[in-house]
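Trainee: I have the file open and would like to go through it with you. Where do we begin?

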Amino acid sequence: MLGNRKIAIIGAGYVGASIAYALTIKNLAKEIFLIDIDKKKAIGEAMDIQHGIPYMGISSVYAGDYSDCKDCDLIIITAGRNRKMGESRLDMIKDNSIIMKNVIDNIKKYYTQGVILVISNPVDILTYLCDKWMNLPNGVVFGTGCLLDTSRTVRLVADYVELNTETIRGYVVGEHGDSQITLWSNFSVGGSKIDEYCKAINLNWNENEKIRISKDVKKLGSTIIENKGRTHYGIATCVCSIADAILNQHPTIASVTSPLQGEYGVNDISLSVPSIIGANGVERRIEEKWSKEELILFKKSADELKKFLADIR
């Protein structure tokens, strides 16, 4: 049963519409509202999704406005300009922070409850700002962060070892961007550390392979944009897993970004770390044992983002 679960999606572009479509197919809410400055586009996207075969999804999808944020269980923010070919996500800070402030000012007029999930880039900076502007308990506002980077890494590792992605466990942490860190020290295949697994089956695995995969993952977003102009399907399925954890109270662990409060020696910035996600958003950030080098890189990532944040405060 869907109950009265209600989701608002701010931004009806490719990402927002793809998320609405994926959520509908998964039957994760009774009502889904698409809110966009271009109301006509939101109407068109809602109609298109709603016209699907009923047994493939029975959610009611509408074009709405900010008043529909009232009593939402989940508010997803995708609003912002898209990344252009050759840009890093951090190049979008100025434009998208202005857009985010306007979005938050409008949400606050009607907000009564619910988790707020930030998708817009640069997601770490915007999640931090959104959290400050909303002034809600820590964890209620969080962003997808390195969730997609983790998914991409798992896919490449699974291809390398020629196994199903379900056998691979591991996370990418830090910035959703150039300074992200793949936690190779904790990556596993079939329950064994990846180094041990590859050695046992005589598969070549060394630092060069780790560097190659990490670099490839960092470039995947740009590669997809170069090939088709945008990315939206991958993040849509990632959001479904998060929505399921929140709406169905199926806690999961994922590398998402939220304002840190001393975890791994970092605070006053939002970065991705393995986190328990449940009905209240990020309910706990897990402090694992990382290698010394990974911790150094993580703190460096935090310092780099704080420099960008200082310019817009």
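**Aromatic pairs and onward**

Mentor: Seven aromatic pairs occur in the structure; rings of Phe, Tyr and Trp (its six-membered ring) pair if their centres lie within 6.5 Å, with planes under 30 degrees apart counted as stacked, over 60 as edge-to-face and the rest as tilted. Take Trp184 and Phe187: the ring centres are 4.9 Å apart and the planes stand at 45°, so this pair is tilted.

Trainee: What is the basis of the model, and how are residues numbered?

Mentor: The model is predicted, so local features need pLDDT of at least 70 and side-chain atom pairs count only at pLDDT 80 or more, while totals for chains, interfaces and linings use all residues. Residues are numbered from 1 along each chain as its sequence is written, and side-chain values use heavy atoms, with hydrogens and water left out.

Trainee: Back to Trp184 and Phe187, buried or exposed?

Mentor: Both Trp184 and Phe187 are buried, where buried means under 20% relative accessible area, exposed over 50% and partly exposed in between (1.4 Å probe, protein chains only). Together with Tyr160 and Trp205, they form one aromatic cluster.

Trainee: Which charged groups sit over rings?

Mentor: Arg230 lies over the face of Tyr14, 3.9 Å from the ring centre. The charged end of Lys101 sits over the ring of Trp133, at 5.7 Å from its centre. The criterion is NZ of Lys or CZ of Arg within 6 Å of the ring centre and within 35 degrees of the ring normal.

Trainee: New topic. What joins Asn121 and Pro122?

Mentor: A cis peptide bond, with omega about 0°. Most peptide bonds are trans. Pro122 is in the loop between strand E5 (115–118) and helix H4; helices (H or I, at least four residues) and strands (E, at least two) are DSSP runs, numbered from the N terminus.

Trainee: What about Ser120?

Mentor: Ser120 lies in that loop between E5 and H4, and its relative accessible area of 5% makes it buried. Ser120 touches Ile77, Thr78, Ala79, Met100 and Leu126, leaving aside residues up to four places away in sequence; contact means heavy atoms within 4.5 Å.

Trainee: How many residues of H4 are buried?

Mentor: Ten of the twelve, so H4 is largely enclosed by the rest of the structure. Among the buried ones are Val123, Ile125, Leu126, Tyr128 and Met134.

Trainee: And its length?

Mentor: The expected span is 1.5 Å times one less than the number of residues. For H4 (residues 123–134) that gives 16 Å, and the end C-alpha atoms are 16 Å apart, which agrees. Just after H4, Asn135 takes a positive phi of about 55°.

Trainee: Where else is phi positive?

Mentor: Gln249, not a glycine, has a positive phi of about 55°. Gln249 is in the loop between helix H8 (233–247) and strand E12 (252–261), and counts as exposed at 58% relative accessibility. Asp268 has a positive phi near 60°; Asp268 is in strand E13 (residues 267–278) and is partly exposed, at 34%.

Trainee: Last one: in which sense do E2 and E3 pair?

Mentor: Strands E2 (residues 31–35) and E3 (residues 60–63) pair in the parallel sense over four bridges; pairing requires that DSSP finds at least two bridges. From E2 the chain crosses through helix H2 (residues 39–50) to E3, a right-handed β-α-β crossover. Right-handed means that, with the strands pointing away from the viewer, the path from the first strand over the helix to the second runs clockwise.
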